[in-house]
Structures are given as C-alpha cells and as structure tokens.
2 protein chains.
Amino acid sequence: MTTPSIDALRNIATQLRIDSIKSTTEAGSGHPTSCMSAADVVAALFFSEMRYDPRDPKNPDNDRFVLSKGHAAPVLYAAWAEAGLFGRDELLKLRRIDSDLEGHPTPRLPFVDVATGSLGQGICAAIGIAANARLVGSSYRTYVMLGDGESAEGSVWEAADMGAYQKLDNLCAIVDVNALGQSGPTQFAHNMDELSRRWSAFDWNSLVIDGHDMAAILDALKTARETKGRPTVILARTLKGKGVASIEGKEGWHGKALKKGEEADGAIAELQKQMIPGTSTPSIQKPEKSGRARKAPDYAKLAAPAYKKGDMVATREAWGTALAAIGAVDERIVALDADVKNSTFSERFGKAFAGRFFENFIAEQVMVGTSMGLAARGAVPFASTFACFLSRAYDFIRMAGISMVNIKLTGSHAGISIGEDGPSQMALEDLAMLRAVPDCAVLYPCEAVSTERLVALMAQHTGMVYMRTSRPKTPVLYEASETFRIGGSKVVRQSGKDAVTIVGAGVTVFEALKAADQLQKDGIAARVIDAYSVQPIDAETLRNAAKATRAVITVEDHYASGGLGDAVAEALSSLGGVPIVRLAVREIPRSGQPEELLERYGISARHIVEAVKQATTKPAAV
Amino acid sequence: MTTPSIDALRNIATQLRIDSIKSTTEAGSGHPTSCMSAADVVAALFFSEMRYDPRDPKNPDNDRFVLSKGHAAPVLYAAWAEAGLFGRDELLKLRRIDSDLEGHPTPRLPFVDVATGSLGQGICAAIGIAANARLVGSSYRTYVMLGDGESAEGSVWEAADMGAYQKLDNLCAIVDVNALGQSGPTQFAHNMDELSRRWSAFDWNSLVIDGHDMAAILDALKTARETKGRPTVILARTLKGKGVASIEGKEGWHGKALKKGEEADGAIAELQKQMIPGTSTPSIQKPEKSGRARKAPDYAKLAAPAYKKGDMVATREAWGTALAAIGAVDERIVALDADVKNSTFSERFGKAFAGRFFENFIAEQVMVGTSMGLAARGAVPFASTFACFLSRAYDFIRMAGISMVNIKLTGSHAGISIGEDGPSQMALEDLAMLRAVPDCAVLYPCEAVSTERLVALMAQHTGMVYMRTSRPKTPVLYEASETFRIGGSKVVRQSGKDAVTIVGAGVTVFEALKAADQLQKDGIAARVIDAYSVQPIDAETLRNAAKATRAVITVEDHYASGGLGDAVAEALSSLGGVPIVRLAVREIPRSGQPEELLERYGISARHIVEAVKQATTKPAAV
C-alpha cells in the first residue's frame, strides 16, 4: 500500500464539503457547517488511516468509526458514497422518509453501529466497541469523532475515565474543535489548552493539531496507532463552515442549510475552485483478518434451576446465579456493573468469567453506552445496577432503543420493598421508563425459578430486555420444570367461580396470594395472575380473566403511571365493561420497614382485600 | 469569636463516630463506616468553619452544607444533634417510619436543601445554591461533601466545569477519599494525585490533605475561604471506618451496621477512649446578615397574550415570549438552558435578564441539578432543552421529585412532529418520564394563548411542573381572555349528539379537529378535548364526555406507554363500559416531513377518522 498523497486527501475533503452542502440544501435542513469543519479529518480517516472493506461495512475485521457528533451525518454519508458503498445521487435523498440517510445516523444503515445524535453517547459506545476487539482478539481499531460542544456532557468524562482505565490503546478519539455550539461560542472556543489539560488529566495521550492541516492529521493518527497502553485523543482545531468564506467561523450558521440557488451554488463553486488538479485516487486499505468468531451458545447444556418450592431466595440473587450459569453455555455473554455487583449479584458472573466482566465504578451512563458498543459487535451484554440508577442512563437507554441493539438491563432493589434506605434508592419509575422503549421486553419475576428461566430467555432473545429484580427474599412458587416465555404470565390461583382478578408482579404477587387467602375465608374467590412479563403483557390471559370475573385489581410496587396497571388497562381497553382498580404507590415514599411501607403506600394484602370488596360489592358504574 | 481548640473538634468528631455507630446499629442497617471517614471534616465544618444558626436551619444567611454522599446521613444527623437542633436520643430513631431521619437525607428535614443518595447530584445542587448567593447578594458560603467513588459520575465533572465557569469562589467541595467503594476499592484508591490533577484541569483550586488531621482541615477550609475567582476542592485522604481498628480501612464494611452487643459496644468503647479530656465546647459562629429578600411577584401586571385567533405561532416560541414576560413581574424567575436557547426560545429571557440566565452548554444533568439548588434557596428556575434531552437528567428529575423542589422544566421539540432530524431528537417518552414523578404537573398546550397563560401558572404554582412544547407553528385557538388551570382541559368542539370523544394534546388537537371536520361530513359528531393538562388530568370533563359518547379515542405524539392515553384510561377506569382506543407512536420512528410522519405512525386525522368509524360501528366487545 502506498500512502495517498496529501493533495488527493484534500480533494476528498473538499468533495465531502460539497456533498454535505448539496445534500442538506436539497433536504432543506441539516448541519452543513458542522460537516465542513470535520471534513479533513473524515477524509484522512476513511481514505488513509482506516482499514475496511467499503463494500462490506459489516465485516467484523473493519476498523470502526463512530460519529459521536451525529448531527454531522451528511459528511459520514458522503464519505461512504465516496468510498463506493452507494452512488453519490443517494446523498440527495438525505432526510427523506424513503431513505435510510436520516437526519442523524441510525443502524438502519449498515455502517452505523449505534445511533447518535444525543451528544456524549458515541464515545461511550466506542469504549464498548474497542473493548470487544480485545474480547475476540481482533486488531480492528476504533475511531470516534466528537464535537467540542459535546465535551460538556458528563458522559464524555465517564468514557474518558473508562477508556484510560481499560488502557484502550486501540481507541482513538478526535474532537472537532470548531469553537461554535448551536446557540453561541463553545465554552472554551479555540482555547485548545483547556481541553488538552482535561484529557491529559484523564490519562489520555492528548495531541493538539490544526484540523485542516492534512499532514498534521495523518501524523497524529499515526502517533495514535503507535501509542501503547492508553487511548489517544486528537484535539483538532477547526473552523465551522471551513472552505466557504461567507460562513467559515461565523456564528448563526449552526443547523442551517444553504438556500437553493445562489447561496448554495456560490458556496459549491468556491469549494470547487479549491480542487487541486492532477491527484490520483487514494486506495482504501483492506481490513486485516484477525480475531475469532464467538462459539455458538448451547442452552441445551443449561441445568434446570436448583430450588424447591418454598425456598426463600431473592430474585436478585437468583438472577446472579442464572447469569453465571448462562455465562458457561454462552460465550457471547458479558456483564457490566456500576460498583454494586455485591448487591445485584453480578459478582457471581464476575468471579466465574473475570475476562468478560466490566467494573464501571459509579458511572451508569458509560456502562449502558459501553453495552451498546459491545452489543453492536456481537457480544450480549448484561448491565446491572440498582433499578433507580438506571434512570441516570435513560437517555442512553432511549438511544439503545433507537439503535436496536441487543442489550440486557437489570435493575435490582426495585420499589418500596427495599425498605429503610429510603426513596432515593427505590425505583418506582423504571417500568414506565422501560415500557416507553418500543420493543423492549420488560420482565419482573416474583421468585427464583421464573427468574432463572427468564434470564436464559433474555439472553436468547434478540433485542433489548429489561429485568426488574427485588431485594427481599421471596418463596419459590414454581417447579423447576415450569416453562415461561417473554409475553407470558402464570395464573397462580383460580377456581370455577372467581369473582375478581388480581394481577401482581414481583413482590406484590405474594400480597395478592395473601389477599386471596383472606378473601376465600369471606367466600370470595379470587383469580391471581403473576404478570412476570410486563411488556409484552399476556393480553389473552388477562382478557380471559377479565371476562370471567367482575373486576380487575392491579397491584404494583411502582408509581401509578406507566407500570403494570397501565399495561393491564391497555390490554383490556378494547373490552370495555371491566372496572379496573389500580393499587400503586401514589406519593413520594419514605424510609421504613418493607412491610410497613407496603401497608402505608397502599399495596399490601389488606389494601387488596379492601379494593376487592369495594369492587365486588358496589354496582359497576356508568 | 475564638477558634475552637483542635482537641475539642477532635472530640466532636469522635462523638459523631459514636453516634453514627449507635444509630445505625439501632436501625440494623446503614453506612457507619462512610460516616466515620467523614467525621473529622464534618466536625470542622459544623463547629469551626460554618456560620449558621443551629436553632434555625432555614435562616437564609446560614452557610449551606450539602451531603452529596448521602449514604453518610447518620453523621449529618449527628452533627445537627450535636449543634443542638434536636436531642441525641432522636438519632436512635434513624430509618424508622415515624422519623424524618431517613436512610438518606430528604428535605423533610429542615436542614436538608435537596435529597441526596443518588451520587453526583449534591454537587450540582451546590452549584445552584452558590449561584443563588450571588443573585441575592448574600455572603453565605456553600460546602458540599462528596465521596471518591462518587467522583466517577459524569455529573460531578459537569458540576466541576460549571463551578469553575461561574467562578464560584463561595463554593467549597470536600471529597472524602476513603478509597473504598461499595463493592471494592475505588478506582484510584488513595492515589490523591489522580484526583487532584483532574480537579486542577477543571480549573478548581485543588488541595490535598490528610482528612483526619484537624489542623490541616481547618487550614484548607481557611484557604478555600480566602481563594478568589474559583471554587476550591479539598481532597481529604481518609480511612473508611476510621477510629475502630477492626473495621478501619477494611473491605467488606460498606453499608453494614455493627451488630448490637459486643461488636457495637466494643467499637464505641474504643472510640470513647479516644476522647481527649479537658477541652471546652466550641461555639458555633452566627451567620452574617447579608443579601436581600426577593421582591414579591406581581402577576397583576402581566399583560394578556398578544395573539389573534388563527395566528400561526409555535408553542415553543410562545413559551419564550411568556418566560420573558413573567421575568419582568417575578424577580424569582431564573432561566437555564443547555446550548439550545435559540431553539427553545429561552434566549428571550436571557436577553432581557442576562444576570438571571444560566448557560449550561450541553450539560443537562448539571442544569437540572443547579435548578434544584436554586429552587431550594427561593429562586423559581425554568430549565429548558429539547424534551428528548431531559431524559439525560432523569435521575435528577426523579430526585427533584423526592426533594419536593419548586423547579419548572420545559422540553421543546417534542414528538415526531419535529420531522427530519430523526428519532434521536424526538421526545416520545417525556410524558411517561414526568408523569411518573408524583405531584409533578405535566402541561402540554397546543397553541400560543394557552401556552402563555400556563407559563404564568407554572411560575405561580409551588411545586414541580413540566411543560412540553412543539416545534411546528400551530394556529391560535383561544381568545386572549380565555382562562386555563393546572388540571384543566378545554372542550374545543361539541354538539348535543356527539357519538365519540377525541382527546388530543399539543399538535394532535389539530389532527383531532381535522378529523372532526371530516367525520361531520359523514354525519358523525365528535367531541374534541384539548387535554392541555396531562397531569393532573381533567377527569371530570373526560368522564362527562365518556358518558355522553360511545367511545373515546386518544391521540398523542408520544409512545403508547405512559402518556396521554394512559392518563385518560386511568381517569376513566372506574367507569367501565367505555371502549378506549389509543392512537400513539408504537415503533421507533425515522426522519421525514412532519405530516408524513404523523400519517406513517398512525396519529394523523385520517387515522383518527378510521378509529372513530371502527369504534362507532362495531358493537362494544365483551
């Protein structure tokens, strides 16, 4: 391979600028100036530094590029067109409903690993992508481009910390320091030293260059490649709108397409004049074959859960046991935790498979972001923390949904049933959070057998899954031979004369059973459903129960919004005619003992009994 | 005032350790070792450095202390007992349901400004508290104590950045570097230089001390007080469990109370031996009277909205206009934005009231955290960004709910109606997020008059309020004289023979009206409700409409979970008998033009018409 000439790369950068203007002007919106600042670096990466097959963007040996500053999507698309993956005319479909060239990159495109556009996330995913190379022994390198405005996001510093901690010398970040944010100058503008000191303090190899000096860019990328033991960041001083005098370095041009006609045409003509004649076309370096494919999982080898009915086991502990068990039959599984591995029980996996366990300390955003990157490269990451702290990473979870990545989240210590630690540690909105991710399965088992079975199903299901686990020990309800499914439920109590249906999940299943016992004494038969799959919910079983009984009571250790009650109500909404009473936590709770709190906040057996009596004695309204 | 003797402060620290052990042992849970590492610093702060009235913790002139490492709550409670706010016997009620001494601090206690316990948040609130001192010209100082494990949270670095950017020399952070996290050693253990380099790179005055050397602590606090132009961080090297040899600096003691009997008694005896005889009791410094009270707001002076029916105005723009208008009659109002002020229109406030506007660059967590701190000190902060990016701060929003602070959040660019920018920029889970905060009002106006009126109500309402605004321009529907209320709705179309109720909010109100027009041609009368208050929802109006019609159709620019449909369904759940059809976005959307997207994802007028026809022609189920 011969190093492409500097002039040839400059010409490509100019072409990328032209294409970025053309496509955004045609779309009538977009961020051309954010593309123009980045164009030289992108040209150097795609046409000199990176080794990849431009016809096979999913090739596992390809070097990876993540555009963390996702609003510069047009320059990414232009680079792939230039590389030959698709025709340049496709670029003119930018942002159209019939094109996958969306406003910000999504994995609908084969060369996008994770969706970007929410700043500070791509670099977290890049940590996972780089970490994956180590797991499979691959020599692919990972490049990620950020903006300087983006660097204000705390998640960038979580990623910086994790990249250095993991000594990811196969990772190179480039910050396009164009000094202008959306609404004004960035905090440090072109004060490169401020940024450099920060990255250095976070133990990165920090290089400051002129981001429009092609030789300097190539040189820095080479230094990055040769730097061992730590990741490199290249802080590239650039000008927003570079190449067109009327907009270059000017405020007021963020996220604004040039107008069709004179404005765009003039800019393009100005750029075309910058083309250097007589250069040759650079050839793209092919990827190096390296790394190994992961073994196919073999769930036939997984032992059945080893519990007897009535054993007292917390679902969080059963989850940890199950995670270690599936780790043995499924090499794809990796686990991540945020310094609570002894509470979530992910430490059981960590002890068994140290090389596949990532300690993220108390940094939930990079934990979920890393998971996204790992999943994009074929691992099946299980990330765990207290369920309440997944709220810290909700923007990442939202973007994981958009990225359609195969990640598994577990939140332990859900609800008021944690007791004395108080409201800051009680997840009461996690079901709402996760149900609002389309296609994310939401599981909430009440005991150990179902937990173990569902963990294995989580791993085998392709797509996002969330499992909610509980702190208190609960009795084993099911035989080890029982089967479960995503989208299923279990009727744990029924008779031919059920007057009411009680739907619980997790700890409230046991309150429901206690209530059913008490109601039986009063001559009221209650059907009890363990809705362990909150999303998708088992609509058929619920509808049958609703039709067979006079009222439905839902009871959940969660706020009243967005959780089990809403899921049940939607499943039954087309029926009409069935009154639904929702028992849920309806105010900010406080510290206390678990049983005291279930009672105080209205989700104990006593409250269920009362609700049943009220619903079955008073005539249906309307 | 005389400086208290070092020995007297040492004795207080010992007493705080004893009290922390006693209270957690009595509770049977808690984090005594995390208190013991912090005790010397806490003693120095409360009994030498800070100026406050121990009998009046809400005194506006008091220096403020925020325990960002909230799990060390017992040492905070012990300090206030030692200061005389309540009797030491109260400490033994720690974590009980009948005591406000909760597992982690909440503002149920008069000396707690914001709830802590989710790490990395207290320091963000402290930014707001310190910034407030400047706004009112007060000389109170703000102290915040973090853990070293906590420093992994990206939000800590957002706060570090903001503290330096605002040159908050009235702010002093102390990091209790006890080198042990929950599940193992912290990332840097006692490598003080790693931490110090980071804080220095973020432009803080960074001091490293032995956190058990009382003279060094006092000296560092004095240096902090005298340092001008930037905040100071004191990195205090400490030992977890300090003072009791069997647990001091040992792993496995996080969040574990000492057992009643020998274990606790032995530890207490060991500490009691460390008491130095013959010391005098330190006197607490009284606060200095300074600063001014904010003027009472005068909403009578607020002009009516200046729109005519049919004017095309985006609600985001009306929001910006209203914010600037209320700023003029309500001095408590401050505004914060995360580099999108020209899109949210908060820049209108920023231009009018530069001194009350905070640019947070692209750092949503510290923006919301700062708001919490400002609100805790009497400001009424309006924080705004794209609605999707509020998900970045969801853990802060959750904790703001627990803190019961008076903050106002606005998310612009909600839903698929933003169009071409694509799913990463579309908030489709924000209603679910905010509805899951108990007592948070959720407003979603569809046009300019209601937006302006509701912004004024937001400011006058005490408590959290979220407003969702939209990108597209919509026609003004209401006369300027129309009144609105939190918890209200408007019936915008009705007749004596309505067959169906269509409930919309925001952009879908106009789809509903279009649908009603089309249905009228087919002889079907539809009642249309503008449910501008999604929480609390106007249950009465909805129930009346449901009773008067044969079906209810909800239509929302939001995912199907946790939004308008769920709110309406719960309001109607006790009725039974009314089929509810929910039109909402049910998959990850893509880029496209707004109208195309409303059509593709099932929330356009055409889909409403179809749903109405289906609901009104087929017999009710069951």
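Let's start with one pair: Arg51(A) and Glu288(A) form a salt bridge, with their closest N and O atoms 3.6 Å apart. (A salt bridge here is a side-chain nitrogen of Lys or Arg within 4 Å of a carboxyl oxygen of Asp or Glu.) The pair ties together distant parts of the chain, 237 residues apart: Arg51(A) sits in the loop between α2 (32-49) and β1 (64-67) of chain A, and Glu288(A) in the loop between α8 (262-272) and β6 (312-314) of chain A. Helices (H or I, at least four residues) and strands (E, at least two) are DSSP runs, numbered from the N terminus.

Before going on, some ground rules: this is a predicted model, where local features need pLDDT of at least 70 and side-chain atom pairs count only at pLDDT 80 or more, while totals for chains, interfaces and linings use all residues. Residues are numbered from 1 along each chain as its sequence is written, chains are lettered from A and ligands numbered from 1 in the order in which they are written, and side-chain values use heavy atoms, leaving out hydrogens and water.

Are the two partners of that opening pair buried or exposed? Arg51(A) is buried, with a relative accessible area of 16%, and Glu288(A) is partly exposed at 42%. (Buried means under 20% relative accessible area, exposed over 50%, partly exposed in between, using a 1.4 Å probe and protein chains only.)

Over all chains, the structure holds 92 salt bridges. Here are some of them:

| Pair | N to O distance |
|---|---|
| Arg10(A) and Asp7(A) | 2.9 Å |
| Glu570(B) and Arg586(A) | 2.7 Å |
| Arg392(A) and Glu153(B) | 3.9 Å |

Arg10(A) and Asp7(A) are both in helix α1 (residues 6-27) of chain A, three residues apart, or about one turn of the helix. Arg10(A) is partly exposed at 36%, and Asp7(A) is partly exposed at 28%.

Arg392(A) forms its salt bridge with Glu153(B). Arg392(A) lies in the loop between β9 (380-386) and α13 (394-403) of chain A and Glu153(B) in the loop between β2 (142-147) and α5 (154-165) of chain B, so this pair joins two chains. Both Arg392(A) and Glu153(B) are buried.

There's also a network of salt bridges linking Asp161(A), Asp203(A), Asp193(B), Glu194(B), Arg197(B) and Arg198(B). Asp203(A) follows α6(A) and has a positive phi, near 70 degrees. Helix α6 (residues 192-201) of chain A is itself mostly covered, with seven of its ten residues buried. Among them are Trp199(A) and Leu195(A).

**Where the chains meet**

How many residues does each chain bring to the contact? Chain A and chain B bring 107 residues each, where contact means heavy atoms within 4.5 Å. The area buried between them is about 8,800 Å², with carbon and sulfur atoms giving 48%. (Buried area is the accessible area, by a 1.4 Å probe, that two parts lose on being put together, summed over both.) Between chain B and chain A there are 18 salt bridges. On the side of chain B that touches chain A, helix α13 (residues 394-403) of chain B gives the largest share, seven residues.

100% of the interface residues of chain B are also interface residues in chain A, so the copies meet through the same surface.
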